[in-house]
Every structure is written in C-alpha cells, then in structure tokens.
Amino acid sequence: MNDIPNVTISAYNLSRNFGKRTAVHKVDLELRRGEVLGLLGPNGAGKSTTMQMLTGNLAPTSGSVQICGVDLLKNPQQAKRYIGYLPENPPLYKELTVDEYLRFAAKLHHVNLSRIDSVLTEVKQRCGLNDIGKRLINTLSKGYQQRVGIAQAIIHQPEVIILDEPSIGLDPNQIREIRILIRELGKSSSVILSTHILPEVEGVCDRVQIMNQGTMVFSAALAELKQKNLSLERIFEQFTLRNEPIGN
Amino acid sequence: MILTIAKKELKLLFVSPLAWTFLALIQLMLTWVFLGQLDAFLELQSQLMQIANPPGATEVIIVPVFAVASLVLLVATPLLTMRLMAEEWRNHTMTLLISAPISLTAIVLGKFLGLMIFFLLAMLLAVMLSLSLLIGGTMDLGLLLSNIIGLSLLAACFISIGLYISSLTSHPAIAAVGTLGILLALWIVDVVATNTSSVIQNFSLLRHYESFNRGLIDSFSLAFLVLFILTFLILTIRRLDGKRLHG
C-alpha cells in the first residue's frame, strides 16, 4: 500500500435531466480509498439518481465519471468490475435460494469459479446469512432480504461500494451490525452510502455531503465538524430547509 | 457470461410450475395428434399401397404433428417470454444485470438462449415421439430434419419478438397480450393478399414455416427467419441502451 491517497471515484459536473426537469445539477464527487462518504439529503434531492449515474445504470446528461481511473462512460465493462451496488430496492430474484442467488451474483461479477465456494462462505459470514443459505429469498423478512442485497454488492470484493439506504427495514440490532460491517468495508474499499438517518452518518462516515434539489450544497469531513463542535442536524436543517431554489 | 444468464433463466423457468405445465401440455397434445394420425395411417395403409407414389408414414403422421407443434408454440411463447424483461424491471432486478461488468448484448443473448434451450427441450419430446416410428418401419429422416430446422427457427422468431415486446413494458401481462397479438397478426397477415405473388405474403411466418413443414428448405425462408430473429434481438439491445440513456 502506498500512502498517497488513492482516488477511487471522481465524478465531475454530473448533471441529469428528465425531460425538462433537472434531477441532478453539476454535482462533483471525489472519494479516496478507505473513505466512507455519507450522502445526505431530503427526499427527491437526487441522491438515488446520482448513485444510478455512478454505477452506470443511468447515463448522465453531462459530466464524467471515473472509477479507479477507468472512464465509466467510455469503458463501462472495465469500470463496473470495481463497483458493488445496492440499489434502493434490493435486486433479488425471489424464487431463488440465498445460495443460488449469491452464486449467480458472483458469476456475474467474474469471480473465479474455483473461488466461488469460499467467497460465498465468507460473504455469508460477514452479512450474518450463515444459517439461511438454503432458504428461498421470498420467505425471508425484509431485514434479511436487505442483507442478501448487501451481500450481493460486496461478493466480488469491489473497490467501490455504493449503498442506497442500506439500513432501511432493519431492526436496531441489525442496524448496529450493518454499521460495523460498513466501517469494516470502509477500511479496504471506499463506500458511499445514502441515508436519512443522521446518527448513522455520524457513526460510520468520514465525510458527509448534503444534496438538495439536485445540487451539492454542503461537503465536509466529520472530524472537522466535531472539532468545530457543529451539529450535523443543524447543518442539515440550515442547508435543506431553504425555500428558494439553489444553484440553477 | 451469456451461459450464466441462460442458466439463470432456465433455473427461474423450472422453479415455476409454468414450465412443467407447458411441457406436459405440449406432450399431451402432440401425442394425441400423433396417435390419431397413426390410427388413420394404419387404417388407410392398404388403400395407400394402391396409389402410384403413396405418402409415407412420415408425411401422414409427422407433418401434422409438427404443424400442431407450431400452433402450440405460438400460444405458449407469450406466456413464457412475458417475464423475461418485464419482470426484471418490475422487481428491479435489471439493476443487478446492468451494474454487473457484462455487455447489454450478453444480457439479451443470454435470455434468448435460455428460452431457446427450453423450447429445444420441448422439441426434443416431439422428435423422440417421431423417432418411435422407427420401431415399426422406416422413416423419411430428411423430412423430419427439415421440420426440426423449421420449428427451431420459428421458435427463435417467437422468442426474439417476445423478448422485444417484454422489454417495452414493466407489466408482464401487457407483454403477453402484445406478443400474442403480434404473433397472430404475423401468422395470418397473408389472408389479405389477393394473388400469390403479393409482397405481403413474405411477412407471414406461417407461410415460411409451411415450406419447412413440407420438407422444403427454402433459402429465402431461411434468410427471412434469420433476419427476423436478428432484427428483434438488436432492437431489444437498443431498447436496453435507450433505457439507460433516457431513463
């Protein structure tokens, strides 16, 4: 490992229009290895749209995305190898068992066939899915389904992990476990997570960015905030309760 | 990667009762026709012998079996293709495929191949049924081969158009109705043709299949069906790409 900070995601000037409506407007985002970024914002601020653009599910109207130095728009297949993505709705095939599903996800991400079994055991261990490998996903509770979704996102040990509201539907114990997992993931890879829960950001993130009405309105390191004794809640209110449109 | 997706499609098919019901039904119907024709053939055999160039067992028994098989396929395809794309969008699982480091072409071809393997399996039942005639006599294997090629191509046409229609909507039921409508229209489009050389006849899938059914491997029909398959596969890929671009 070199001590020069390694940039894993750099997105510049990212914009996306849906017809005449601008969902995301000129968003810049940069993430280094070993960093956990919390993306905050009220509903409809453009967090999910931004994440869809970072994972190649949606083409930006303008701007560029580089994942580990590979251009996502010019070379999507290469760039997507580095990404693990848990969308808002976990993409689960409900008719499959947990094992069958995770095996399929591993194959999709080019995990070496000889390594699949060990990878599967490891990821189930990490996400607390040990005893339910043979269960149909359909029969699992929302919390377990969410965990299968997270397992799917990290099965190929990606450099960049993008989690859209990962703790939704989990009980308090599971939320704590997931936070520990995210912290752990944040050591080896970089993580972006979006959430509404402010304590979650304070608990697991190194940096926080706040979006409102499609633009990035605030960005700071959490350590810095703590040093200045600023409360995240106050900042969130201050930047998202403004009535006048920001930016455009 | 195409194979991984094809395997997943097959697995999803076989965990649902739909696939098994379909296989059972097609087998039941084909056997019914087969036995009926066999009975007729045995009854008429003595009379047929007196004709100068009598139709053989293959022509009397197998040709109608394959003609019925094509109709069963026409009705069943919409039910099997409807969920290929539409359900992936409805259940948000398409995100998993799009986020993975694979090309859109691989996704579409994998899905196509998965269902094609399933149809070939159904066809294998029909072929084994036909080959059982060998126990009692000789067969025109060339005619059988031409029927197999024709039915495979027809199945591929049905799948490719079903796949495309399914990619247009996130409601499997709409995809099914749309596909059935278009398949029926393509089946009977030639009824409006007033003379036999009308251009519109070329668009009738039935007409192309009929020549294979009679044992005629017509290069024009062959080319038409292959181009038909390719066109709809490419349209599906473009549709997937368009979804990414336009949301």
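How many Å should the 13 residues of helix 1 (residues 2-14) of chain B span, and how far apart are its end C-alpha atoms? Keep that in mind as you open the structure, which is a predicted model.

**Stop one: chain B, residues 2-14.** Select helix 1 of chain B. At 1.5 Å a residue, this helix should span 18 Å, and its end C-alpha atoms are 18 Å apart, so expectation and model agree. Now highlight B:Ile5, B:Ala6, B:Lys8, B:Glu9 and B:Leu13, the buried residues of the helix. Look down the helix axis. Why can residues three or four places apart point the same way? An α-helix has 3.6 residues a turn, so they do.

Select strand 1 (residues 7-18) and strand 2 (residues 21-32) of chain A. They run antiparallel, joined by eight bridges. Zoom in on A:Phe18: its bridge partner in strand 2 is A:Arg21.

**Stop three: chain A, residues 47-54.** Select helix 1 of chain A. Is it mostly covered or mostly open? It is mostly covered, with eight of its eight residues buried. Among them are A:Lys47, A:Met51 and A:Leu54. Step just past the helix to A:Gly56, which takes a positive phi of about 80 degrees.

Technical notes. Residues are numbered from 1 along each chain as its sequence is written. Chains are lettered from A and ligands numbered from 1 in the order in which they are written. This is a predicted model: local features need pLDDT of at least 70, side-chain atom pairs count only at pLDDT 80 or more; totals for chains, interfaces and linings use all residues. A residue is buried if 20 or more other C-beta atoms lie within 10 Å of its own, exposed if 12 or fewer, and partly exposed in between; C-beta atoms are placed from the backbone. Helices (H or I, at least four residues) and strands (E, at least two) are DSSP runs, numbered from the N terminus. Two strands pair if DSSP finds at least two bridges between them. The expected span of a helix is 1.5 Å times one less than its number of residues.
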